[in-house]
Amino acid sequence: MNLPVVQARLAAADVARIERAAAYVETHDTDQVLAELLPALTSAERADVSRHLVFDHTAVLVFPDSLDGLREELRRLGLEPGPVTPSVVVRDRLTRRYGPALAGIPVGIVHVAVGGRSVEIFALPVSPDSALEAVAADEREAEHESHHAFAVTAPGPVVPAGLRLLLQERGGAVPDGGGYNGHENVTVLYHRTTTHRRFELRLPGRHDPLPDPTTALLTVMTGAWATQAVATMAELNIADHLADHPGMSAERLATLTSTHPDALRRLLRYLTSLGLLTSADGTYHLTATGQPLRTGTEFSLHPLAQLYGGPFYDSFAGLTHSVRTGQEAFAHRHGQHHFPYFAQHPELGSLFHRAMAASAEMFTPVPTLIDFSAVREVVDVGGGNGALLGHVLRAHPHLEGVLFDRPDALEAARTQLTERCTFVTGDFTRSVPEGGDVYLLSRVLHDWDDERCLTILGRCAEAMRPGAQLLLVERLLPTSTAVAWDVHMLCNVGGRERDEAHYTRMLAEAGFEVRGCHDLPLGASLIDAVRTTAS
């Protein structure tokens with residue numbers, strides 16, 4: 001007896017979407033799809049990317065009344081479908097989006113050949129008058145699962161990892177989930193573009209998935225926990241103990257730090273997940289990332305960890321106030337700007353100056369980037385602990401230095417700069433010492449708004465002869481480091497980070513010409529300017 005052939009039915013809207021996808025696949029190549037999805041990539045970058053991946057297919061999600069007979073329905077439309085296989089990744093995505101009611105409903109995948117590529121059709125069966133009709137309507141409207149797919153042709157993990165990084169960092173693509181499909185032995189990694197279009201990378205075999213958006217957001221939201229964990233690690237001097245005794249147990253470390261053994265073990269486990277420690281056989285070791293928290297070492301970040309986990313951490317609780325008003329949260333929470341506040345609290349003032357010294361690594365190239373051979377006197381304006389001036393004086397014994405700052409700031413420098421340095425107290429918004437050949441402004445301007453910056457630059461210009469040199473050390477937008485520090489400056493001092501063009505405009509208005517810009521460690525830059533006109 002011949003059984004009747006089951007004929008699945010597709011809505012006209014789904015047929016039209018399949019036909020549009022087929023037309024797209026037939027008329028677009030890899031370079032065209034990349035240019036459309038990721039316009040930030042240059043033509044050279046697209047050409048390089050195209051050596052390692054190829055446009056493979058376009059995908060749509062449709063809603064036949066049954067998976068049985070779906071291939072026959074596609075043939076009726078003039079298409080040549082392959083076999084129907086189960087979808088794992090899309091089924092899981094739909095379940096997360098619409099709830100567990102979809103968990104038991106099979107989602108099929110069928111590929112329809114179009115030229116040398118294909119249309120990938122996901123099929124979620126929705127019977128007439130089913131409660132899932134609302135799901136089908138939402139998906140047709142939002143196109144959550146529609147995407148273009150690229151097959152990665154390079155074997156191994158290295159090239160795929162590089163492609164993922166390039167597409168995110170340069171292309172602006174955001175990870176959007178994915179996973180491993182054992183039926184095809186393929187890992188699919190979804191991305192979403194800045195225009196909210198989706199594409200996937202298809203990697204043969206099993207690869208680590210990118211975090212889904214919710215997990216990624218949770219990681220960002222718990223960043224405050226990491227700040228406090230690092231601050232506690234610094235306060236307990238864990239890095240020093242592990243440097244002196246590598247492979248120490250939690251119990252032994254608890255004795256040395258006077259802490260609760262189980263609670264400490266839980267902290268150590270978290271620090272291990274953050275990459276500051278490693279653990280093996282119940283013992284702990286410092287990683288390279290944890291090493292800078294040691295005390296007594298050059299450029300130790302120990303005081304910076306305490307500062308970020310202390311007063312600056314507290315002020316960030318008022319960030320919403322800063323965003324609403326444009327005023328620094330530190331003053332809102334503590335009653336005054338952080339400079340006078342730290343001056344009235346010597347223990348915090350000391351911590352602040354030690355923390356500033358912690359990032360003095362950025363100054364190390366300055367003495368070799370600038371020609372000081374014809375220079376006699378260097379004036380460091382607002383130089384605080386004198387870290388930058390000290391680097392310059394030690395590298396060039398023929399120089400004399402002047403360190404100019406508030407009295408409380410200079411106290412931190414007197415024990416560090418003992419030769420060839422004069423200490424001058426004052427307010428750089430009122431006057432600056434005259435007679436220098438080179439003037440330094442290191443991490444000063446980012447503390448202030450443009451009006452105050454122009455005042456400071458104007459005072460420097462008044463003190464400088466034409467041809468004298470001004471060196472600025474700042475973090476420049478749009479680097480990721482400067483973007484983060486920009487919010488920090490808004491919250492804690494009411495200042496801001498700026499891009500090179502912004503500094504160039506302010507310098508020109510104050511009577512300076514920029515001659516060059518050099519990269520420094522820790523995301524900083526050195527702007528080299530010269531005094532062009534007399535006051």
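This is a predicted model: local features need pLDDT of at least 70, side-chain atom pairs count only at pLDDT 80 or more; totals for chains, interfaces and linings use all residues.
1. Residues are numbered from 1 along each chain as its sequence is written, and side-chain values use heavy atoms, leaving out hydrogens and water. Buried means under 20% relative accessible area, exposed over 50%, and partly exposed in between (1.4 Å probe, protein chains only). Helices (H or I, at least four residues) and strands (E, at least two) are DSSP runs numbered from the N terminus.

2. **The buried side of α6.** Which residues of α6 are buried? They are V135, A136 and E139, in a helix that spans residues 133-142. These buried residues line one face of the helix, because they fall within an arc of 100° when seen down the axis of α6; the arc is taken from the directions from the helix axis to the C-beta atoms. They pack against β1 (53-62) and α5 (89-98), where contact means heavy atoms within 4.5 Å. After α6 comes E143, with a positive phi near 55°.

3. **Helix α12.** Next, look at residues 261-273, which form helix α12. This helix has 13 residues, and its first and last C-alpha atoms are 18 Å apart, close to the 18 Å expected at 1.5 Å a residue (the expected span is 1.5 Å times one less than the number of residues). The buried residues here are L264, L267, L268 and L271. Why do they sit on the same side of α12? They cover an arc of only 100° around the axis, and so they share that side. An α-helix has 3.6 residues a turn, so residues three or four places apart point the same way.

4. **Around α12.** The face turned away from the buried side of α12 carries the exposed residues R266, R269 and S273. The cover over its buried residues includes three helices, α9 (223-235), α10 (238-244) and α11 (250-257), as well as the strands β10 and β11. α12 lies across β10 and β11, running at about 115° to β10; axes are lines fitted to C-alpha atoms, for helices over the stretch in contact, and angles run from 0 to 180 degrees between N-to-C directions. G275 follows the helix and has a positive phi, near 90°.

5. **The three-stranded sheet.** β10 and β11 belong to an open sheet with the order β9-β11-β10 and antiparallel pairing. β9 (248-249) and β10 (277-280) are the edge strands, each pairing on one side only. Two strands pair if DSSP finds at least two bridges between them; β10 and β11 (residues 283-286) are joined by four. You can find A280 opposite T283 in β11.

6. **The seven-stranded sheet.** A second open sheet has the order β14-β13-β12-β15-β16-β20-β19, with mixed pairing. β14 (421-425) and β19 (512-519) each have a single partner strand, so one side of each is left without a neighbour in the sheet. From one strand to the next, the twist averages 20°. β19 and β20 (residues 525-531) run antiparallel and are joined by seven bridges, with F512 partnered by R531 in β20.

7. **Y180.** Is Y180 in a helix or a strand? Y180 is part of strand β6 (residues 174-181). It counts as partly exposed because its relative accessibility is 24%. Not counting residues up to four places away in sequence, Y180 touches V88, V89, N185, V186, T187, G205 and R206. With N185, the side chain of Y180 makes a polar contact of 2.7 Å, a pair of N or O atoms within 3.5 Å; within protein, one must be able to donate a hydrogen and the other to accept it, and residues adjacent in sequence count only if both atoms are side-chain atoms.

8. **H302.** Our last stop is H302, found in helix α13 (residues 302-309). With a relative accessible area of 9%, H302 is buried. Its side chain reaches the backbone oxygen of A234 at 2.6 Å. Leaving aside neighbours within four places in sequence, the contacts of H302 are A234, E235, N237, P292, L293, R294 and T295.
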